[in-house]
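Hi,

Here is the structure for you to look over. My notes follow below it.

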Amino acid sequence: MGAGKSTIGRLLSHELHYDFIDSDKVIEERSGANIPWIFDVEGEQGFRDREAAVIDELTQLSDCVLATGGGVVMRPENRTNLQSRGLVVYLQTSIEQQLERTAKDRNRPLLQTGNPEAVLRRLLQQRDPLYKSCADIIIRTDRRHPRAVIQEILRQLKQHQPLNA
Ligand SMILES: Nc1ncnc2c1ncn2[C@@H]1O[C@H](COP(=O)(O)OP(=O)(O)O)[C@@H](O)[C@H]1O
Ligand SMILES: O=C(O)C1=C[C@@H](OP(=O)(O)O)[C@@H](O)[C@H](O)C1
Ligand SMILES: [Mg+2]
């Protein structure tokens with residue numbers, strides 16, 4: 001959360017002339033509700049079920065940049081689908097920067113309960129090995145302008161596959 005997946009993903013899609021899809025937005029559109037409501041009414045498991053179905057569908061598309069929610073790696077089938085069907089970029093970000101970037105946002109239910117720093121620390125401990133297990137590319141985003149992050153992604157992408165852009 002706050003790594004910049006939604007922001008960087010959109011800008012990157014422009015550079016690549018690809019479509020941009022944010023799985024959280026698709027989940028909201030399909031359910032007709034926002035993420036806090038889904039967590040409230042269906043619990044985190046309900047949200048993860050919706051997320052897994054959407055990820056299975058969206059990872060079958062071509063020529064697009066897909067931004068996921070940060071918890072996508074918690075389900076093994078999501079990791080398999082992302083890894084086998086796409087090229088995965090891990091935006092690695094310090095907790096300090098995550099806190100700064102998410103401070104004003106009330107749309108992340110996991111940060112609304114308890115101490116956000118402690119929550120982020122626990123989640124990073126659980127998830128960092130999982131992000132690393134599926135990432136083709138790892139980019140540090142701390143104190144880097146989104147444009148610099150995108151340039152670094154493009155540079156590393158070129159080493160992986162020929163690009164249309
Ligand atoms: N590299 C960056 N430098 C500064 N601010 C950023 C950067 N990446 C994202 N942000 C800002 O941080 C906030 C959270 O970004 P967002 O793209 O929603 O993250 P995510 O989708 O990973 O949770 C947004 O306000 C965005 O403008
Ligand atoms: O880390 C998480 O478990 C979540 C991250 C959110 O997306 P962002 O990573 O885009 O904030 C969103 O999917 C939901 O609130 C759960
Ligand atoms: Mg996002």
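P109 is partly exposed, because 16 other C-beta atoms lie within 10 Å. (The scale: buried means 20 or more other C-beta atoms within 10 Å of the residue's own, exposed means 12 or fewer, and partly exposed is in between; C-beta atoms are placed from the backbone.)

Please keep in mind that this is a predicted model: local features need pLDDT of at least 70, side-chain atom pairs count only at pLDDT 80 or more, and totals for chains, interfaces and linings use all residues. Residues are numbered from 1 along each chain as its sequence is written, while chains are lettered from A and ligands numbered from 1 in the order in which they are written.

P109 sits in the loop between helix 5 (95-102) and helix 6 (116-134). Helices are DSSP runs of H or I with at least four residues, numbered from the N terminus. Leaving out residues up to four places away in sequence, P109 touches I35, P36 and F39. Contact means C-beta atoms, placed from the backbone, within 7 Å. E15 is 94 residues from P109 along the chain, and their C-alpha atoms are 31 Å apart.

Now ligand 1. There are 15 residues around it, and G4, K5, S6, T7 and R101 come nearest. Near means a C-beta atom, placed from the backbone, within 6 Å. Helix 1 (5-16) and helix 7 (146-158) each give two or more residues to the shell. Helix 1 gives the most, with four.

On confidence: the protein averages a pLDDT of 96, and 98% of the residues score at least 70. pLDDT is the predictor's confidence in each residue, from 0 to 100. The complex gets an ipTM of 0.99 and a pTM of 0.96 from the predictor.

Best wishes

Technical notes: Two residues are in contact if their C-beta atoms, placed from the backbone, lie within 7 Å.
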